[in-house]
Every structure is written in C-alpha cells, then in structure tokens.
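The following exercises concern a single protein model.

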Amino acid sequence: MVTAELLDLGRFDRVLSSVHSLATDGSTAEASDAYLTREPAGVIREYLAETLRMVQLFDAFEVLAHIDYPLRYWPYDVMPFDPGGFEEEYRVVLRELAGSGKVLELNTRVPMPRQILRWWYEEGGQHITFASDAHDPDSLARGFADAAAMAAACGFRSGRHPYDQWRRD
C-alpha cells in the first residue's frame, strides 16, 4: 500500500515526516551509525541532502520532524558542532520546505541551534511546531519553556491554543 493510500485510511491531526537513515554500502543504516565510518561533517551533509530529497519527492506530510536528528549523535566529546559550517545546506532544505508551505518542528530532545530556527524564519518559514520526542512520560514536554523562548526571540508567536502551530510575526 502506498503512503498516500494509508494516510487516506485514517483521520490524522498532523502528519510528520523525517529522515532517520542514510545509504550505506548499497543498503541503508540508522544515521547514528554513519558516524562510525564517516567524517562527522559528511554525515550532516548527507543527512541534509537526503532530507532535501524527501521534501522534494514526498508531499504527503505537513511537518518536517527533527531536521537536527544527526546532532543527537554528533561527537561532541571530539569537537563542538558549529551550524555555520553547514549554513548553505540547511538553508537549501529550509527554503524548499518553506516554499512547499510545510511546517518545521522544533524538537527539544537535543536543543536545536538557534541559527537553524533563524534561518527558517529568514527563508520564509511561516510556522513551527514543538516536540520533545519523548519515549517515556518523564521526557514529555522537556525543554519546551526554553524552546518557546527561543522561538519567540526568532520571531514566532503562539496561536490561541497551546497545541496550535506557532506562526511568524
């Protein structure tokens, strides 16, 4: 069954899409495993290229979830992560996403670098949603206050209800 047919079977409030794996030796592997055999900057660039392909080729979603997924596994003990080194790659994805009218998720599992959210705003992004990617009850909504403050500082405002998407000023 194709994804569109599957989505037509249910009533969904929100459909998210994200990339979790990268091509590896003729197969695919979890993005976190790519750091075992590839240079960290290459992993980020490959991840963003795959995310761009997904945005361009798959339209049956509303929210791009965790554009910063590979940052969860970045080797912080070896080197700090500098989003500025990947600005153009992030901007290309964000520009395409904004042009398609989609929404960017601000995931709090690993705090998103502020620059990425600013670039979303600058590239014309209209809305954001929040997610804690909680896999247990204690993690639910963790980091939301800080994420909301960052979103406000970057030019986004809440809707009438707490579950509404935030929109740009």
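**Exercise 1: The surroundings of one residue**

Task: Leaving aside residues up to four places away in sequence, determine which residues Thr 28 touches.

Solution: The model is a predicted one. Beyond four places in sequence, Thr 28 touches Ser 21, Leu 22 and Ala 23. Thr 28 itself belongs to strand β3, which covers residues 27-30.

**Exercise 2: Buried or exposed?**

Task: Decide whether Thr 28 counts as buried, partly exposed or exposed.

Solution: Step one is to recall the cut-off: a residue is exposed when its relative accessible area is over 50%. Step two is to apply it: Thr 28 has 56% relative accessibility and therefore counts as exposed. For the protein as a whole, buried residues make up 41% of the 169 residues.

**Exercise 3: Sequence and space**

Task: State how far apart Thr 28 and Ile 44 are, in sequence and in space.

Solution: Along the sequence, 16 residues separate Thr 28 and Ile 44. In space, their C-alpha atoms are 16 Å apart.

**Exercise 4: The whole fold**

Solution: First, list the elements: the protein has 6 helices and 8 strands, in the order α-β-β-β-α-α-β-α-β-α-β-α-β-β. Next, consider the extent: the C-alpha atoms fill a box of roughly 45 × 40 × 35 Å along the principal axes.

Notes
Residues numbered from 1 in each chain as written. Predicted model: local features only at pLDDT ≥ 70, side-chain atom pairs only at ≥ 80, totals over all residues. Heavy atoms only, no water. Helix = DSSP H or I, 4+ residues; strand = E, 2+ residues; numbered from the N terminus. Buried < 20%, exposed > 50% of the residue type's maximum accessible area, 1.4 Å probe, protein only. Contact = heavy atoms within 4.5 Å.
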